[in-house]
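Dear colleague,

Please find the structure below. My notes on it follow, for you to read alongside the model.

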Amino acid sequence: MNVSHHDQVQQQRIFADKCRRLHTYLLNTKSLLQEVGEYNRTKWPVHYPLARIVRANQQLASSASSSSMHQTSSGLRRTNSMLNSDSTLVDDAMAPIPLRRTMTADDFSDSEPTSEELRAGVDPNAVGRLLDPSDLSVLKLDLRLSYHSDSDVMGSLEESSIARLFDERLMQCEMHIDKLIARVTDKSSKILVTGDLNAGKSTLVNALIRKDILPFDQQPCTMLFCEVVDASLNGGIEEVHAIPDMATYSRDDVSTFVKISMNDLEDIVMENSDHYQQLKIYTNDCHSDKQSLLHNGVVDVALIDSPGLNRDSLKTTQLFARQEEIDVVVFVVNAENHFTLSGQDFLLNAGKEKAHIFIVVNRFDAIRRKDRCERMILDQIRELSPLTYEERGELVHFVSAHEKLADQQNGTSEATSFANMEKCLRSFTLEQRFKSKLAPAQRYAMNVLYDTQYLAAENVATATKRIQEINAALREGMPKYETLLHERSETSRRAEGVLDGSCLEVRRHTTAHLTNTTVHLQDVAEKVVYPGLFSLWGYAESVLLTMVRHLEHEVSECDRFACFTIQQARQELSRLEAARQVLEGAPKTKNSSFASIDTVSVSDDDSVLLKPVPITSDLPAAMWDGDLSASVTASQIRSIGSISNALDTVQLELSDFVDLDFSHNWGALTSISASASMTLFATKPVVNNMLTLLKLSSTMGTHTARRLMVATAALVGLGSVFYILSDMDGTVRRKLSSRVSLMLEKEGFVECHAERLTTETSRAIRPFVWHLQHTFQRMVEAEEHKRADHLRRRHVAQDSQIYFDELRAKAQELVGAVRAVSIDANMC
């Protein structure tokens with residue numbers, strides 16, 4: 001096709017504009033992927049429809065198994081494409097089904113184009129790009145799984161594991177986009193000649209440049225990548241550069257490569273003992289500018305010969321990675337072997353971005369039944385690369401490169417099939433630069449954006465479902481939460497009531513009981529047998545010991561009452577705890593914090609109250625033996641201090657044996673006097689004697705009367721002494737009980753023990769109350785934590801719903817922009 005200079009300039013301008021626009025959209029796509037990756041790592045693990053993929057793969061395996069009984073074809077899954085078969089333009093019919101606001105994978109069409117539709121020229125994308133999750137093109141996770149239900153690894157993968165795998169896939173896509181950006185901005189074009197072992201790749205390169213530069217043999221011989229470029233890029237000098245590291249290579253820096261002679265080229269290519277990464281061969285093309293592929297006057301072109309696909313896994317992996325840096329892939333197929341499994345894998349992988357693969361079926365001259373061979377190979381191409389098959393007239397060629405070299409050496413006319421292949425390759429590389437150079441980048445970007453749209457819609461649906469589930473859980477949990485708050489308040493009030501009531505009961509009982517005890521101490525002392533006047537001191541000690549022991553006993557009774565009250569309170573609190581466990585839903589078990597308190601001692605210091613104090617029988621031999629000031633507690637009363645500090649200093653005193661206060665006997669004396677008077681005056685002789693005595697006293701002298709009065713006084717004194725001695729036991733009891741009661745009153749004995757037992761009761765019951773309140777509080781906090789977690793997850797889901805909705809809109813907008821790049825692509 002003859003193109004004028006003006007048209008050529010116009011084409012270059014349009015192509016440069018498309019490169020610029022596509023470069024911008026690739027950057028935007030990468031930025032979108034980085035944003036999704038950051039969101040996936042920090043805020044919301046992207047939901048990946050694994051279960052649906054498993055079902056789709058199971059259905060695929062099942063259908064393939066059933067169809068294999070009726071078909072002999074391989075049944076390879078088609079690869080989605082962007083460009084139709086009629087032109088390089090992207091047909092509007094290939095646009096994906098418009099995504100709705102809550103659209104998921106289930107909203108896409110479930111039907112897949114049939115082979116008849118493909119033969120009829122129906123664009124696969126017209127049916128809808130995403131038919132099911134297994135049609136994810138670029139962002140599909142590479143999970144090597146068996147599709148049997150008993151070995152479903154996908155179901156065992158956690159969300160975080162899927163997120164990490166997805167993040168790795170995003171980073172791989174970003175690196176691929178970087179390579180696409182480099183390819184779009186690079187003004188030159190790179191052609192990768194690849195294929196299986198011994199397919200004739202090196203022979204084809206030699207035939208294209210009309211030179212036997214690359215070594216070839218009946219056995220595989222190419223061990224490293226060999227890039228053939230025009231010598232004009234090296235100042236017109238033909239030479240070979242062996243490059244140890246392609247990342248640092250520079251033609252102007254001799255330290256980055258090793259020059260080798262043409263004579264050594266064959267050994268290096270076949271052995272590569274120095275482990276070079278690549279050879280760069282600068283050579284002059286024998287063709288004119290209108291026929292040359294390398295020196296074409298339009299764009300710099302590099303032919304890259306590669307090792308065979310199935311030579312070893314390392315070379316195959318390198319080749320898979322290298323094709324991402326290549327604009328045009330020329331896949332060489334040995335007509336005798338057709339497409340091997342490694343070749344099929346390579347084409348499927350390259351098809352993610354390259355809808356059109358230039359395929360050369362070499363050694364076709366050795367085939368006897370050429371029509372059958374051609375039909376079988378085209379059937380394979382139709383399954384592997386549908387658009388390549390649609391344009392098979394320009395992209396699929398059956399040639400013999402060895403025959404072409406032989407014709408060149410013999411000077412005979414060129415083979416028509418090979419010349420047509422050269423013409424089509426030149427047209428595809430130079431005249432259809434959008435299709436060969438930009439369309440793969442456009443295709444990859446749109447596949448990424450379509451995948452992003454699908455996953456965004458999937459995550460919008462997932463976030464919506466999660467929000468609905470959380471709202472339902474919050475509604476269902478609200479009655480329980482309100483009941484829990486009410487029960488916590490009511491139980492806390494009742495528990496505090498049990499505590500306060502128990503403490504008040506103990507205080508009341510202790511105060512009343514000990515007050516009555518101190519008032520009636522003298523009654524207790526009357527139980528002590530009075531041994532006589534000569535054992536008065538021992539009697540006094542026994543009276544004091546009896547009073548103290550009685551006080552100890554009564555305090556112990558108050559202690560036992562406190563323990564009983566504590567036990568009753570504990571039982572009541574246990575019932576409250578059982579009700580709490582029922583509310584919690586836990587089985588009714590005896591809580592370790594509610595252990596039995598039957599043997600609870602109110603305090604370590606007061607444990608002595610439970611021990612009886614023995615009554616000593618060792619009484620003093622004489623009433624006045626020993627020091628009168630000696631302390632009783634120092635010898636026999638060892639436990640007095642356990643109930644009263646004041647009793648530690650109690651001592652027997654002389655005043656305890658003398659009671660000059662006759663007020664307590666005044667009634668008895670009055671009765672005795674009255675009785676005596678009545679006795680004296682009731683009988684007539686006694687009255688007469690008294691009258692006679694009065695008469696005598698009137699006639700008696702003063703001295704006689706004085707002596708009579710002295711005698712009378714002596715008699716009265718002796719009577720008083722006799723009375724005091726006869727009432728000595730009562731005096732001791734009265735004096736000691738009065739003095740002990742006074743001491744206890746001054747010390748606050750009753751108030752002290754009432755306060756002590758109230759405190760000990762509170763201290764014994766309070767832990768149970770605290771435990772009950774703490775467990776209720778823990779239940780409330782757990783429920784509040786659960787509700788807070790629901791609210792947090794709902795907030796995250798709402799944010800994610802908004803984010804993925806916006807992401808889907810961004811991806812849709814970017815898809816339109818990327819698609820618009822292909823308008824008027826036929827002009828370049």
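What is the order of the 9 strands in the open sheet? The model is a predicted one, and in it the order is β4-β3-β5-β2-β6-β1-β7-β8-β9, with mixed pairing. The edge strands, which pair on one side only, are β4 (258-260) and β9 (396-398). On average, and ignoring direction, neighbouring strands of this sheet are turned by 20° against each other.

Ala242 has Val258 of β4 as its bridge partner.

Helix α13 (residues 416-431) packs on the sheet. The strands that α13 touches are β1 (189-195), β6 (301-305), β7 (328-334), β8 (358-362) and β9. The direction of α13 makes about 165° with that of β8.

Helix α16 (residues 536-584) packs with helix α21 (residues 749-820) at an angle of about 10°, and their axes are 10 Å apart. Because angles under 35 degrees count as roughly parallel, α16 is roughly parallel to α21. The residues of this contact divide into 18 nonpolar, 4 polar and 8 charged.

One single residue is also on my list. Met171 lies in helix α4 (residues 159-185). Its relative accessible area is 40%, so Met171 is partly exposed. Lys30 is 141 residues away from Met171 along the chain, and the C-alpha atoms of the two are separated by 9.5 Å.

Regards

Methods. Residues numbered from 1 in each chain as written. Predicted model: local features only at pLDDT ≥ 70, side-chain atom pairs only at ≥ 80, totals over all residues. Heavy atoms only, no water. Pairing = 2+ DSSP bridges. Helix = DSSP H or I, 4+ residues; strand = E, 2+ residues; numbered from the N terminus. Axes fitted to C-alpha atoms, helices over the stretch in contact; angles between N-to-C directions. Contact = heavy atoms within 4.5 Å. Buried < 20%, exposed > 50% of the residue type's maximum accessible area, 1.4 Å probe, protein only. Parallel < 35°, antiparallel > 145°, perpendicular 65-115°, else oblique. Nonpolar A, V, L, I, M, F, W, Y, C, P; charged D, E, K, R; others polar.
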